[in-house]
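Me: Hi! Could you walk me through this structure while I have it open?

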Amino acid sequence: MTTALLSVQNLRVTFPTRQGAFQAVRGVSFDLGRERLGVVGESGSGKSMTGRAILGLVRPPGRVTADRLTLGDQSILNLPERQMRAIRGNRISMVMQDPKFSLNPVMRIGDQIIEAYRLHAGGGRDAARQKALDMLRAVQIRDPERVMGAYPHEVSGGMGQRIMIAMMLAPDPEILIADEPTSALDVSVRTEVLNIMDGLVRDRGMGLIFISHDLNLVAQFCDRVLIMYAGRVVETLAAKDLHNARHPYTQGLLNSLPRLDHPVERLAVLQRQDSWRDVPLQTDLPGGL
Amino acid sequence: MLTVTDLNVWFGYPPDRVDAVKAASFTVAQGESFGLVGESGSGKSTILRAITGLIDTWSGQIEVAGQAVAGRKRDRAFHKTVQMVFQDPYASLHPRHSVDRVLSETLKLQGMDDIDGRISRLLNDVGLGKGFRFRYPHQLSGGQRQRVAIARALAAEPKLLLLDEPTSALDVSVQAEILNLLTDLRAEHGLTYVMVSHDLAVVGHMCDRLAVMRGGRIEEIMTVDQLRHAGATQDYTRHLIAASAGYERS
Ligand SMILES: Nc1ncnc2c1ncn2[C@@H]1O[C@H](COP(=O)(O)OP(=O)(O)OP(=O)(O)O)[C@@H](O)[C@H]1O
Ligand SMILES: Nc1ncnc2c1ncn2[C@@H]1O[C@H](COP(=O)(O)OP(=O)(O)OP(=O)(O)O)[C@@H](O)[C@H]1O
Ligand SMILES: [Mg+2]
Ligand SMILES: [Mg+2]
């Protein structure tokens, strides 16, 4: 990793609650290069919130602070909304965890993709329409013509994910934050969708933040993995070493996976320790933080 | 417990008509756990939605606990017997209803007593502490919302649970807790499950038999034993099983 596309230092997201301030993200730091960075972790550990904070999408009363949040050499921490909008969906795109909820429910899918594309590339409607069809085909939508004319509630869960991916890739972003982008896809469609993202990283040097619960997939697809627990990064690993993780949380995750080739009566569950909330980071990798 | 015969489901009118499910038939015995897997967009959610009465454009027979159902009409007894966990928890939870309200309304509708105690137990069962009881959906993470949806379905103490990707938004440790909970409930109360999942290992762990779907049709119905031991007879199923071994960078 030479120059970082994105640099995050001591990122915090805080919400006021009845029980006092709740820190959803507690000091997350990492650099993103032209790589596939996996993020795995406990449900509620702040993965999505980290992505939202980078894009300035944390809704008040939530508050975002950081020692540094830079895109290239520009600080993007708490930018005014107008400037943030120029970055969002242009230089950085995010595929949301609830894709169908993030699409406009009263606008046809084709029009949404065409609009996203033209906002970035300009050009005529016909060319954009052709591009939209191509992209839907690329994400393995069987009948792209029909889907172009459909509304979000008329497509399946996995189709919604793929439509969102097609839309977010339309502007050719420098960075893609993909929040569980393939969780509703069958494995064969998933492979095709991953190949597209993989190609963008390899051929165009895009930086990819890939949030996922699928440990085996992350180990195979990503270069590096951050493990999050209770708002922090507790371990950073080369993806291929994921199965040799040292942190007890990560080890526990690996043990609770069901396996086709190894049936068990009951799945192993974690005995979570309070100390995991505050263990020091393990820095095995240079630049890993 | 559930018999589906020659089910066709369509949306819209020609020439734009979409045939989402074509001549699907399967039965699920009382106490059995049945998996639905297959291609994205192949009609898995549509089958579950037709069973619960969310779609009226279908033909064929659906029988639940010996009772045939028609169109979208379902009586209160049906919802006491059948509950569904939706693939998309955000869309199925009312944005302005707190977790407490979601659960208490379901409990009251089913005429349950000790609402307060039940809510605490349900939240505890799905691994959400007291602190979540008065939150609204937008104040929850994706996996927390999914667990609220599971708690709501369990609140009615149904006999048949239709689960659409119930653990796809959960990290694998929480997934293990939820799957163990479902296993226990099935053992204790003889619950019947129909579970949609793209994760063959989850289906292998939870189910006895499964149907493999593609393009609106059931391609094959097989036992989990066959799934584990390369017993698939259809090319598509073999392909699916082979692909689930993992991702290889090209
Ligand atoms: N508006 C809010 N007020 C208070 N807490 C909130 C709010 N929004 C989110 N949270 C909390 O912030 C924490 C982090 O949420 P986030 O969505 O980042 O989790 P996540 O790691 O993406 O989890 P999942 O894997 O379940 O999607 C969660 O515990 C959530 O309950
Ligand atoms: N309300 C609707 N109007 C029109 N078409 C619909 C509607 N609902 C579903 N469909 C279509 O029916 C087909 C089957 O959708 P369904 O949601 O059942 O797929 P699925 O197998 O659950 O897929 P996934 O695994 O991606 O969730 C899809 O082609 C979808 O576009
Ligand atoms: Mg999330
Ligand atoms: Mg579905």
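Reply: Happy to, and one place to begin is the second largest cavity: α1(A) provides the largest share of its lining, 4 residues. Keep in mind that this is a predicted model.

Me: Thanks! What volume does the second largest cavity have?

Reply: Its volume is about 70 Å³.

Me: And which residues line the second largest cavity?

Reply: The lining is made up of A:Val28, A:Phe30, A:Val39, A:Lys47, A:Thr50, A:Gly51, A:Ile54, A:Ile209, A:Ile211, A:Leu226 and A:Met228. The elements that contribute two or more residues to this lining are β2 (20-32), α1, β9 (207-211) and β10 (224-229) of chain A.

Me: How does the lining of the second largest cavity split by class?

Reply: There are 8 nonpolar, 2 polar and 1 charged residues in the lining of the second largest cavity.

Me: How many cavities of 30 Å³ or more are there?

Reply: The count is 3 cavities of 30 Å³ or more. The largest cavity has a volume of about 250 Å³.

Me: Nice, let's go there. Which residues lie nearest the centre of the largest cavity?

Reply: A:Gln97, A:Asp98, A:Pro99, B:Gln87 and B:Asp88 lie nearest its centre, out of 17 lining residues. As for elements, α3 and α7 (157-169) of chain A and α6 (142-155) of chain B are the ones that give two or more residues to this lining.

Me: Which element gives the most to the lining of the largest cavity?

Reply: That is α6(B), with 3 residues. By class, the lining of the largest cavity has 4 nonpolar, 8 polar and 5 charged residues.

Me: Where does the largest cavity lie relative to the domains of chain A?

Reply: It lies between domain 1 (1-91 + 175-289) and domain 2 (98-172) of chain A, because both domains give residues to its lining.

Me: Is A:Gln97 buried or exposed?

Reply: A:Gln97 counts as buried because its relative accessibility is 17%, and the cut-off for buried is under 20%. A:Ser48 has a relative accessible area of 22%, so it is partly exposed.

Me: Okay, over to the strands. How many residues of strand β3 of chain A are buried?

Reply: 6 of the 6 residues of β3 (residues 36-41) are buried, so the strand is largely enclosed by the rest of the structure.

Me: Which residues point which way from β3(A)?

Reply: A:Arg36, A:Gly38 and A:Val40 point one way, and A:Leu37, A:Val39 and A:Gly41 point the other way. In a regular strand, side chains alternate between the two faces of the sheet.

Me: And what does β3(A) pair with?

Reply: β3(A) pairs with β9(A) in the parallel sense over 4 bridges, and with β10(A), also in the parallel sense, over 5 bridges. A:Leu37 has A:Ile209 as its bridge partner in β9(A), and A:Gly38 has A:Val225 as its bridge partner in β10(A).

Me: What about phi at A:Asn78 and A:Asp172?

Reply: A:Asn78 has a positive phi of about 50° although it is not a glycine. A:Asn78 lies in the loop between β6 (74-75) and α2 (81-87) of chain A and counts as exposed, at 55% relative accessibility. A:Asp172, also not a glycine, has a positive phi near 60°. A:Asp172 is in the loop between α7 and β8 (175-179) of chain A, and is partly exposed with a relative accessible area of 40%.

Key
Residues numbered from 1 in each chain as written. Chains lettered and ligands numbered in written order. Predicted model: local features only at pLDDT ≥ 70, side-chain atom pairs only at ≥ 80, totals over all residues. Heavy atoms only, no water. Buried < 20%, exposed > 50% of the residue type's maximum accessible area, 1.4 Å probe, protein only. 1 Å grid on protein atoms, 1.4 Å probe; cavity = no way out; pocket = protein on both sides within 12 Å on 5 of 7 lines; lining within 4 Å. Points joined across faces, edges and corners; volume = space filled by probe spheres on them. Nonpolar A, V, L, I, M, F, W, Y, C, P; charged D, E, K, R; others polar. Domains from an automatic or database assignment. Pairing = 2+ DSSP bridges.
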